[in-house]
Each structure stands twice: as structure tokens, then as C-alpha cells.
Amino acid sequence: MSQTVASAVNLPLRGMTCAACATTIEKVLNRLPGVDAQVNFASERAHVKYDAGQVQPEQLVDAITKAGFEVPPETAVFDITGMSCAACAVGIEGVLSRTEGVVNGGVNFASAKARVEYIPGVIDVAGITQKIAKAGFGATEARDLSADEVAAREKRDQDKWRKELMMFLASLLLTLPLFAQMFVMFDFSQIDHMVQGHHVELIPRWIQFALATPVQFWIGARFYKAAFKSLRSGTANMDVLVVLGTSMAYLYSAVVTIFDMIELHVYFEASASIITLILLGRLLEANAKRKTSSAIRSLLKLKPKTAKIERDGEIVEVDAGTLLVGDIFIVAAGESIPVDGEVISGRSSVDEAMLSGESLPVSKEAGAKVFAATVNQNGMLRVKATGVGADTMLAQIIRMVDEAQGSKPPIQQFVDKIAGIFVPVVVGIAVVTLIGTWLVTSDFQTALVNAVAVLVIACPCSLGLATPTAIMVGTGLGAKHGVLIRNAEVLERARALSTLVVDKTGTLTQGKPEVTDILTADGCSEAELLGMAAALERGSEHPLARAILKKASEGSVTIEDIEDFDTVPGKGVQGVLLGKKLSLGSPSWFREMGVAVSDELSARVEAVQAEGKTVVGLSVEGKVPGFIAIADQLRDTSLEAVNRLRKSGVDVVMLTGDNKHTAAAIARQAGIEHYAAEVLPQNKAEEVKSLQGEGNVVGMAGDGINDAPALAQADVSFAIGAGSDVAIDVADVVLVKNDLRGVPTAVDLSRATLSKIRQNLFFAFIYNVLGIPLAAFGLLNPVIAGAAMAMSSISVVSNSLLLNRWKPR
């Protein structure tokens, strides 16, 4: 009889619609042997006690899935230590892919981070950490850091870099005499043939042996440790190549020296020089890689440490991290705003360059939104906190930039496959070189030198750094200019963008419509028409409704209560006022309902529509007392944005629910040739799909909830930053500033970033494709090969850093 092993797990659930669903899951789980399950419908979790001797967590998950429900995966981000090249990242990914409960695991060598999706209950963060540790690498769960923690981490990194620098200098000190020896041997090469087979050597071999040994086994110990860990985990990385190459040169030379074989060469200078040059390369590479991630570090440093809040009638300075939603805080001139909030009183201008990239300050007064880490320039502001901690705009930007920098574009998948087999292939080429050269030349020394050159010239690092370093610089640049890119895949799609679909209201226009004309029929006053329209629009958050209510409040119009209120999506609203049925909506809806409009009133309506104004009409018991014209001004920047897109080869199509007259007027003002009017919200996604069916790569830019389906359908979606949370959640690119110029900026940036990636991959591939054959045929000295290998990674990272010169047109 098996021993009972009592265990418990809390599983999150998705897909339940009622309490009966919870009961179903309970029944399904409780049928398994040794399981006692309780499902909470409200919290959407299953608390399961089970006998681990009879059932495993993955069987619980499988049973829930078969019942038609889902255990949603959770995501954890880990800081990884101990990676030395791209093959290490591929090795960790291999370990994660074989781990039970891990849905997906991606490792970014450049940022030294792993993003892991896992099934909670089957495995947890501690379990994932252990799996990575067994593969020979360090892993700690990443989390949001305070400014002090960022500073402390930077100090640790600097201390580590200084320690590495001291090791390099020690290696250089020991290697320089050997390096000089190599050039002396070269200078006296002609004499060498004249001294009866003996070799002219500046430094006695025993001293060479004494200098090379600490370089090989003390300073180079890191390579042996990393190579051992790599092989133990079933992978092979760059350290394996370095250890094989330098050990072959060193051990051969040691044997020649110990047994006093004076007729044979020694290669202590090769083994020591290779290690020294690789250490130099890694120092320079680490410094360059730090610069690629400078964008996110600079954002983290913007977080203010303290805030001045009102407490019991006094102003008290507190830690900014202790602020809660609803707290009232004061921001004096020159101070940074601690959290997101809404201005209660005061007037000032705020520098929001860190959010939008816009250098001009933004005016703020009562009712205006302010954001954490922006700088109040002159007046004093009294603000109510609306977003704190992880809910501030700054925190969201940092999160999005971090996620984008840790993601991989499709092109990286191909590179990862090559990196995964790179080292074994190179070792195979080195073995063939050793044996083939020995057989052909009958000279083991030449064969050994050529094999060592093959091992040390090959570099998977440059391949692994080519894509992520460019992505890190590109996404960081985007954040500086108010363009937040959700992931690296978006960059590839945005580069190929051929058509952009734009919503009119709030995207091309300012999204702040105002009543401009009140067109009344005989027998109805403007106040009466406005009062009935305002009664129907009371409580609505639609921009047109707000415009009507604002106009009514300005005119002190009495607003009565409506009964039997109803919304007709995409058309208008209805209700009963003082026993009369009222309808408020578009003229086209009135035509559908058969509501008659006089010719004189129709002519006036068409006249204001021709000016680009939106018109809504009021029907009372089937008769029309008048229409209200509302204008939403075109943004000053929309025409420039459209022109930039057209110059970039992107066709712009406007979709709007407005009538054809208004649509034509706005399209004309914005320089847009193609547009569709009277498009219902639910049909916008169909319009996008239709354009995709014509072979276009379609982008969608919008700001409202009704844009969300179209944003989801588009190949690349852009959300205007001040729009709805739903639109921002769905979008691939968030434009922090309310400015359509962010779209051509994002397209230009994606093209510049992809261009850098292609350049980097070309350098990395051509370097290995040319370097390995040259080394195999004896055309590269191992020391030169080692130097070239170190420089290949530096050149790739440096090329990515050149992307920082990019500026929006």
C-alpha cells in the first residue's frame, strides 16, 4: 500500500460564467483519486488537496482543461547571471522547454533576462529558479525597483566591472612579455632557418611556462567553470570553444617544455593572448551593453523620492511610495510630481518631455491630469492622487519598455536555431581541420595551430547580440519620443506597413467637440431644442453628448428627467419626456425611421455638414423641431502626420460614423484621399479585414472603446495615449502624446531598427563565414583570430548604439 503524501495547491481558473461552472469543476476534480477540491466562483480559484502519491498537479490541470475550462498561465521575469554567449541563452530555453508546467520560456542574452509563462500549481517561481540553477546559471525574480535600488544595482555592476578590469590588467601584465616574444620570433624568422633547427626565443621557455600558467588556470578559470556548467546542462557555449582552443595550445606547449623538445615550437603566447583579448572584448562589450539599456535606467531614475501631502491641515513631507489614491499633495515650482493625479487648484505649466518627447511645457489648471516624474515649472499645484505605485503612467512605460526589450522578433528564432548548433559544428570543423591538416602536411604543429584558430575565431556571441541590442536601443528611443512599443514583433510588422486606417474623432480631430450652430424649425426656440437634447444626453460620456451638455449649462437651460431611456448603437438615443417620445441622433437614422424634415431645414443641415461639422437631430413624436451642429477641430499636427505617412509609402484611410459631407470636409482638411463615412463601430473591424484581404499590411490608429475590435484586427495597432484604457490595452503601439505624428515616427523607428538588425546579422554571419575557413586553411594566426573574435561582438553592439543618432523626421 502506497504512503499518502498530502499536498495542496491553489489554481487560478478562467472560463467560468456561473456557480454551476464551479460545481462542474469540483465534480471533475473530486473524481480523481485522493483529491478534495473546492472551487470559489467569486475569486475564480480552485483550492485542491491531493495525494501526491496518486495524482500529480499536471493531471489536475488536464482534468480542468478537458472539462472546458482553463488554468491561465502566469508570467515571471528573471534576472539571469552566468551567461557568456547566445548559446547559453539557447541552452536555458532548452531547459525551460523541457520543464513540466512551463508554457513558454524566452531568454534575452543582451538584457540578461528570462520571461517565463508557467502554469501555477504545476510549477512556481522557486521551481523555475531551481531548474535554471541546475543548468549552471543564476536566476532571481525581477521586480520593480525604486530609485535607491537602481542606484545600488548600478554600484554593484560598477564594482563588478572594476574587478573584471583588474583581472584583465593582471592578465595583460603577464601576457605582454609573451606577446613581445611572438613579434621577436617573427622578426628573426629568417635567422631561425640558419641556426641549425634551434629557434630564436627572447624569453626562456620555463619563464614563458610560468607566465602563461596563471593566465590559463587562475585568470582563465571562469572559462573552465562556465564550460563545465554548459556541458553539464547538455549544451555547448562559447566558453567550450575558448577552453578547447587555449587548452590545446597550452598543454601542447607545456609538454614540449617539460620534455625539453627544443626542436618544436611552443605556443604559450597564443593561449595567454587569446584569454587576454577575450577578457578585453568582454569588458568593452559589457560597457556597450549597459549603454543599450540606458533608456530604462534613465526612466527609473526619474521617480521622485518624496512628496508633500496635506494631513490634518498641515503640509507633511513623506516617502512618495506611501501615497495612496485620494491623497492630496502639493507640488511647488521646480519640483517633480510624485504620482499621477488630477489638479484640484492652482495653475502652472508642466514639463512632460520624459513622457511625450515634447519639449514645450503643457499648461495645467483645475481638472487637468498630471503624471509622475514630470516637472512643475512655475506655479504651485494642489493635486489629488489618482494613480500610485505600479499604476502610474511612468510605471506603465517602464513595464512596456522592459517587456519590449525582453521580447524577440521572428527573425531571432532563426538566429537561435543557428546558435543552438553553432558550437558543436565548430568543434567538428576544428577536429576535421586538425586531422586533415596533419594528414596532408604531416606537420602536427601546423595542424594544431589551425585547429586552435578555428576554435577561437568562431563566435556565437555576435549572432546572439545582433538582434536584442538593436531592439533595446530602438524601444528605448521610442519611449524617449513618446512612442511605446509593446514587443519586438511589432517592429517587424510596422516596418512593412502599407495602409493606415484612422478614426476621425479624437485621432485626426482634437476630440473636444463644441456646439457651433442650433438650427430650429418654426415654433421652437434654441433653448427648448437644447434643453430636450441635453435631457436625452444627460449621463452619457460620448464626446458629442458632453458638447451638448456643456452648451446647455452655459446657457442655464433647464434639463428635465427622461423616462424609458434607450441607446440605439451607432445611431442615437431615445426616451420619453413629459409623456412625449423623443429621439436624438444622426439625419440618416431619421431617414431610416421615416421622419420627415422640411426642405428648408434640410438645406441648412447640408450647408453646415459641408463645413465639416457633425449634425444631430431631435425628433418629438415623429416631428423634427431642429438640429444641433457640432464641430470637432482638426488637430494642428494631423495634416503633417498624413503627409509624412504618404512620403513613407503608407496610404491613409479614414473611417468615421459621421455623414459623408462631414467626412469629406475633414478628409480634405487632413489631405486624405480615401475615406468611408457612416461606418458603424462594429463594422470598423470588417473594413480593416477587407483592406487586409487586398494584400495590405494594415495599421489602425484610434482612441476609443469602439475602436478596440478594429485595433485587435489590424496587423499593427496604435492607441492615442489619452484615449480609453481598452484601446491602450489592445494596441501594439501606444502614443503617449495626443498626436498622430507618433505613427510615422513609430514606422520610421521600426525601419531604422530593423535596418540595424540586418546590418548586425550580416556582420555576424559574414565574419564567421569568412573567418572559420581562413582559420582552417592556416591563413589566420590564433592570436589574430582571438582578437577578431573579441572585436566581432564589440562591433555588433557598437553598431546598435549608432541607432541613438536617429531622430524623428
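Which residue forms a salt bridge with Glu600? Arg604 does, with the closest N and O atoms 3.4 Å apart. A salt bridge here is a side-chain nitrogen of Lys or Arg within 4 Å of a carboxyl oxygen of Asp or Glu. Arg604 and Glu600 are four residues apart in helix H22 (residues 599–609), so about one helical turn separates them. Helices (H or I, at least four residues) and strands (E, at least two) are DSSP runs, numbered from the N terminus.

This is a predicted model: local features need pLDDT of at least 70, side-chain atom pairs count only at pLDDT 80 or more, and totals for chains, interfaces and linings use all residues. Residues are numbered from 1 along each chain as its sequence is written, and side-chain values use heavy atoms, leaving out hydrogens and water.

The structure holds 21 salt bridges. In one of them, Asp79 meets Lys113 at 2.7 Å, N to O. Asp79 sits in strand S4 (residues 74–81) and Lys113 in strand S6 (residues 113–118), 34 residues apart. Both Asp79 and Lys113 are buried (under 20% relative accessible area; exposed is over 50%, partly exposed in between, with a 1.4 Å probe and protein chains only).

Now the aromatic rings. Rings of Phe, Tyr and Trp (its six-membered ring) pair if their centres lie within 6.5 Å; planes under 30 degrees apart are stacked, over 60 edge-to-face, the rest tilted. The count is 11 aromatic pairs. Phe217 and Tyr250 have ring centres 5.1 Å apart and planes at 85°, so this pair is edge-to-face. Phe217 is partly exposed at 42%, while Tyr250 is buried at 4%.
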